[in-house]
Amino acid sequence: MAATYGAMFWLIMAGHMSLAIASTAVIAVRTGSASLGALVMNINQLHEESLYVRDHGRFLAQAAQRTIPTGGAAVPEQIKEIVLDRVTYRYPDRDAPALDRVSLTVPMGSVTAVVGENGSGKSTLMKVLSGMLLPQDGTLRWGDADISRLDRSQVFERVSLLTQDFQRWPVTAAMNIRLGRPDQAATPQDLQSSIEYAGAGTVVAKLPDGLRSLLARMFRGAVELSGGEWQKVGLARTHWRSSTSQADSVLIVDEPTSALDPEAEIEAFNRIRRLAAPNRAVVLVTHRMSGVRHADRIYVLNRGQLAEQGTHDELIAAQGRYSAMFTAQAAQYAPNASIPNPASSTVADRA
């Protein structure tokens, strides 16, 4: 641009260009410069957007590889147990596996507990057990059938899941319970057994329109429940889903009592354990050690590996990681008691 203006100045001084033409040339140069700058900016923006398009293409390719397949063999109507045999799973962005050669058995009619510190692999184990993730190594069998060959939609029909952060839908109280099995027709009388089982009768009784009350403050006249009340609604939803299934199934409960008071927590654990039936297995994941002591089998995870397994009495007698975790929680209620560290080297070596 400096050279252009310099040449124009020389032409004017030499008499080869009039001022009128020079003024027109200046306007043309400035207009062309602005257009050229806009062109460069647009090309730069197009390049940046193309990078997102390439990332989107890679995402679609990976999603196609990881998507849950449709079709497959039918899930057997009756299964005696669900077996994980040396299962390994590693997330793409991590070097260490979330699960490392974990083996456990969940018999029908039993209450199986899985405990461990944060990051020990409990949530990943539940995702594998429910069929949302497939083992990268090892096998997961429903009865004698490998889950990789089964129709995954049928597997999901056999799984009930209650987590600490379950979805709280902005619909009526009745629909929040019915969503456990939305294709199953239900009247308020049909839902009553699930409400009573979850101890949610007092919650429903205080609602202005009972089960027809909207549970979201975004609507006029609606109400909002507390965390503990929502967990009772969630337990009622889980009971409705599991009680309407006649085939063998598994109920996975992950930290179900975090917002309940101590008395309601004890009662909730008792209700959850009673959900075990000849055609239903209960898998309980929790940090509350008092809630797992009556489980038929307890598995202790540590950094993705199975550290210990056994009954409560067997694990306490072993004086390993489970014993240290249980004692650490119990010591909080004892005056002037020293609290052991479950992650200490002594406990880890002993485990």
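Which exposed residues does the face of H6 turned away from its buried side carry?

## Helix H6

That face of H6 carries Gln189 and Glu196, where exposed means over 50% relative accessible area, buried under 20% and partly exposed in between (1.4 Å probe, protein chains only). Over on the buried side of H6 (residues 188-197) sit Leu191, Ser194, Ile195 and Tyr197. They are on the same side of H6 because they cover an arc of only 165° around the axis, taken from the directions from the helix axis to the C-beta atoms. Just after H6, Gly199 has a positive phi of about 70°.

This is a predicted model, so local features need pLDDT of at least 70 and side-chain atom pairs count only at pLDDT 80 or more, while totals for chains, interfaces and linings use all residues. Residues are numbered from 1 along each chain as its sequence is written, and side-chain values use heavy atoms, with hydrogens and water left out.

## H1 against H2

Helix H1 (residues 2-13) packs on helix H2 (residues 19-66) at an angle of about 175°, with the axes 10 Å apart. That makes the pair roughly antiparallel, a label for angles over 145 degrees. On the H1 side, Thr4, Tyr5, Met8 and Ile12 make the contact (heavy atoms within 4.5 Å), and the H2 residues include Leu19, Ala22 and Arg30.

Methods
Helix = DSSP H or I, 4+ residues; strand = E, 2+ residues; numbered from the N terminus. Axes fitted to C-alpha atoms, helices over the stretch in contact; angles between N-to-C directions. Parallel < 35°, antiparallel > 145°, perpendicular 65-115°, else oblique.
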